[in-house]
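Visitor: Please take a close look at the surroundings of the ligand, and then follow the elements found there into the rest of the fold.

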Amino acid sequence: MVLRFEEVRKSFRDGDSVVPVLQDVSFELEAGQTLALRGESGSGKSTLLHIAGALEAPDAGHVWVSGQDLTRLNDNRRARLRRTDIALVFQQFNLIPSLNVEANISFHAALSGHVDLLHIEQISAALGLLGQMKKYPEIVWWPTTTRGYRESDCGQT
Ligand SMILES: Nc1ncnc2c1ncn2[C@@H]1O[C@H](COP(=O)(O)OP(=O)(O)O)[C@@H](O)[C@H]1O
Ligand SMILES: [Mg+2]
């Protein structure tokens, strides 16, 4: 089991009222399984992802990632788990402007001490970025037509 939610609750305060977003959400995801989360805008998809990614804490319930209960970890151990066991593709690119494309791609792996140059080259080739590796994000021509990776097309909404 790689991810498990048990009766997770999360609300946000909106002025004087409290908006319940996740109400007793429970599910399990085994290794190799894929889960697509659907719902209209504002239904809580991002909130659920942020909790699963250890970026936000639930108000109640428990969340296990790789067998560890996130709600019982301190900040340091949660940060370590984010580095080693969690990958998030954000709605915005969240690129680091002071790093070139190559360094942006390898940044997370570098933090973990596991940079695999061949893997980075393969990913970059698949994305059509091999000619752009030394450029900085603001001057990169991001392919939009042939294989289409516009920011607005990215999965999470
Ligand atoms: N940090 C926040 N503070 C206050 N309200 C929030 C916050 N994040 C999300 N919400 C509210 O929670 C609800 C669910 O939002 P969200 O998880 O972003 O939905 P979705 O990703 O499905 O569009 C919305 O009503 C949104 O306004
Ligand atoms: Mg969203």
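Guide: The shell around ligand 1 divides into eight polar residues, three nonpolar and one charged. In this count Ala, Val, Leu, Ile, Met, Phe, Trp, Tyr, Cys and Pro are nonpolar, Asp, Glu, Lys and Arg are charged, and the others, Gly among them, are polar. The model is a predicted one, in which local features need pLDDT of at least 70 and side-chain atom pairs count only at pLDDT 80 or more, while totals for chains, interfaces and linings use all residues. Residues are numbered from 1 along each chain as its sequence is written, and chains are lettered from A and ligands numbered from 1 in the order in which they are written.

Twelve residues surround ligand 1, the closest being Phe 12, Gly 42, Lys 45, Ser 46 and Thr 47; a residue is near the ligand if its C-beta atom, placed from the backbone, lies within 6 Å of it. Strand S2 and helix H1 (45-52) are the elements that give two or more residues to this shell. H1 has the largest share, three residues. Helices (H or I, at least four residues) and strands (E, at least two) are DSSP runs, numbered from the N terminus.

Leu 70, leaving aside neighbours within four places in sequence, is in contact (C-beta atoms, placed from the backbone, within 7 Å) with Ala 54, Val 63, Val 65 and Arg 78.

The other element of the shell, S2, belongs to an open four-stranded sheet of order S2-S1-S3-S4 with antiparallel pairing; two strands pair if DSSP finds at least two bridges between them. S2 (17-29) and S4 (68-69) are the edge strands, each pairing on one side only. S1 (residues 3-14) is joined to S3 by five bridges, and Leu 3 has Val 65 as its bridge partner in S3. Val 65 is in turn the bridge partner of Gln 68 in S4. S3 and S4 form a hairpin with two residues between them, and Ser 66 in the turn has a positive phi of about 50°.

Technical notes: Contact = placed C-beta atoms within 7 Å.
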